[in-house]
Amino acid sequence: MYEPIRTKSVHRMADDDRTAYPHRSREEELDIQLAGHLAALLAVTDELGDGDAGELIARQVARLRGAPPARHAGLSGSPAEALHRRAHALAGRALVVAASRADTAAAILAAERMDAHTAALTGESLVGAP
């Protein structure tokens, strides 16, 4: 009537050795998260056609990942206002993660991009902004 389980359990016991497989540190996780937010911001920036800002963002992504990022190839066809709102949100997420990991260069870049997209949405001009 009862057939014993023949496979190894997928559940872990409390006393299992946690060093049996590699773990990432908090800093590594934040690097991955920040690179992801910046890569998404890069895709939107490329779609908006802002080449100078795209290059700055690409440098930060390359620094975090150790390799140059893939550049955005396709267009979504979204209106510019929607793209600016999306870019502003992504820059805000990148700013939070950059501040959390104390990455000044990425935090400054994210804050500048937030300012630029805010200005684009409100119709104001930024003086000296990249």
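Helices (H or I, at least four residues) and strands (E, at least two) are DSSP runs, numbered from the N terminus. The model is predicted, so local features need pLDDT of at least 70 and side-chain atom pairs count only at pLDDT 80 or more, while totals for chains, interfaces and linings use all residues. Residues are numbered from 1 along each chain as its sequence is written, and side-chain values use heavy atoms, with hydrogens and water left out.

**View 1. Gln-60 in helix H2.** Helix H2 covers residues 51-65 and holds Gln-60. Gln-60 counts as buried because its relative accessibility is 13%; buried means under 20% relative accessible area, exposed over 50%, and partly exposed in between (1.4 Å probe, protein chains only). Leaving aside residues up to four places away in sequence, Gln-60 touches Leu-38, Ala-105, Ala-106 and Leu-109, where contact means heavy atoms within 4.5 Å.

**View 2. The loop residue Ala-102.** Ala-102 sits between helix H3 (80-100) and helix H4 (104-122). Its phi is near 60 degrees, a positive value in a residue other than glycine. With 64% relative accessibility, Ala-102 counts as exposed.

**View 3. Helix H4 and its cover.** The buried residues of H4 are Ala-106, Ala-107, Leu-109, Ala-110, Arg-113, Met-114, Ala-116, His-117 and Ala-119. Helix H1 (26-48), H2 and H3 are included in what covers these buried residues.

**View 4. Span and end of H4.** The expected span of a helix is 1.5 Å times one less than its number of residues. For the 19 residues of H4 this gives 27 Å, and the end C-alpha atoms are 27 Å apart, which agrees. Gly-123 follows H4 and has a positive phi, near 85 degrees.
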